[in-house]
Structures are given as structure tokens and as C-alpha cells.
Amino acid sequence: MFGSIARVLNRFFSLLVPRDWSHRTLKDIMNDNDRQEELVKTYIESEIVKMNTTGVTAALIAGVISGSFSWYNIKDTHWPTRAAWLSGLVLSIASVASSAIHTAAFLRMKCDREVTKRFRKALGKSKKSHEQSWRPHVLIPYVLGGPTLHLKLAVLAFLIGLFYDLWRAANANLTWHGDDLKIAAIVTVIGAFVVVNYIFSVLTLVHHSIHTK
């Protein structure tokens, strides 16, 4: 029973940070002595691209959230909407900043003469009984996924504030004669469709990445 609960929680958390995927990839790279330097450089380059993409996307999200303040008189909205949107703005800025820091770190690592050795020491540790057996630090997958985690939480915070404000307006006049209820219902249906597709695609991708050898 507890094993099933753990798997469910792991799958759910994989929506934010796919730890198993990252952990296994890093472990394979650290212990592949035949093509290790090539794999390390490829991994570093892919991380740099990922961080750049995340940083740009987070900056766009920050722009969207900032622009949403001009939709209403922000002081007239209820505090949950303002709290959610301002939290999303903080999270998106954190994503931009952490992406820049990670990119700089990987660029320095990439330029090191002993890139493989530095990669191992920075991201992993060896078993005391076997110096050739390396594994990533427990928190490394979460650290590397930090910018993406901030980005996803920023989007979530923005959507929470948006839907709260939509349904607060609709709740004031629960009839189909007004526009507020129609707008809230249509946007909620579209939002539910997007969420279901997102969850399905991410869980499918994570499932195959974990179980495919």
C-alpha cells in the first residue's frame, strides 16, 4: 500500500521536477568510462540550452503577469488575486535569475580543462568502497530543475489568480443573462482541457523515460 502511495506521489511530483529521469541520466554519464567526456560535454550543452530557454520563457511570463495589472484596477481586486499574481511575478523573476546562474556555472565548467573530473565532483559523489562507482547527489536533480520548477509555479500562481477573479465576478450574478458567468464557464472548460492534456503528456513522457532502458 505504502509503495503504491509513494509511486503516486512520485508521479505527481514528476509534473514539476522529473527526479528519476535526471538522476538516472546523470548516473549513467558519470559511470560511462568509454564515452564519458563526450557525454559530459553533450549534457552540459543541453543544460545550457535548457536554462536559456527557461530564462527567456520566464521573462515572457513575467511580462504577461506585469501586463495583467493593467487589465483591472489592481487595488480593487480581492487580495487572493493580487497575492497570486505577485507571487507568480516573484517566481518568474526567480526563474530568470536562477537560469542565469546555472548557465554561468555550466559555461565555466565547459571551459575547464578537466571537464569530466569537475563535472563528477560538482554533481556527484563516489562510493567509498568503489572509487569508480559514482552517483549524483540526492538533491542535484531538484537543483538543476529549480528554474523550471519556479517557472511552472509562476504559471500556476497566475492561473489561480485569474480563475479566482473570473469566478468571483461570476458568483456575483449567477445567471446566464450576464456575461461574467458565460466567460468564466468557457474559460474554465478550456483550462480543464489544457490541464488534462498537460498532465497526460508529462506523465507519459516521464513514465517512458523511467522504464525504457
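Visitor: In which hand does α4 pass α7?

Guide: The crossing of α4 with α7 is left-handed, a term for a near helix turned anticlockwise from the far one by less than a right angle, clockwise being right-handed. This is a predicted model, in which local features need pLDDT of at least 70 and side-chain atom pairs count only at pLDDT 80 or more, while totals for chains, interfaces and linings use all residues. Residues are numbered from 1 along each chain as its sequence is written, and side-chain values use heavy atoms, leaving out hydrogens and water.

Visitor: Why are α4 and α7 called roughly antiparallel?

Guide: Helix α4 (residues 79-110) and helix α7 (residues 146-171) pack at about 165 degrees, their axes 8 Å apart. Angles under 35 degrees count as roughly parallel, over 145 as roughly antiparallel, 65 to 115 as roughly perpendicular and the rest as oblique; α4 and α7 are therefore roughly antiparallel.

Visitor: What makes Thr-54 buried?

Guide: Thr-54, in helix α3 (residues 36-68), has a relative accessible area of 8%. Buried means under 20%, exposed over 50% and partly exposed in between, with a 1.4 Å probe and protein chains only, so Thr-54 is buried. Leaving aside residues up to four places away in sequence, Thr-54 touches Ser-95, Ser-99, Pro-147, Thr-148 and Leu-151, contact being heavy atoms within 4.5 Å.

How values were computed:
Axes are lines fitted to C-alpha atoms, for helices over the stretch in contact, and angles run from 0 to 180 degrees between N-to-C directions. Helices (H or I, at least four residues) and strands (E, at least two) are DSSP runs, numbered from the N terminus.
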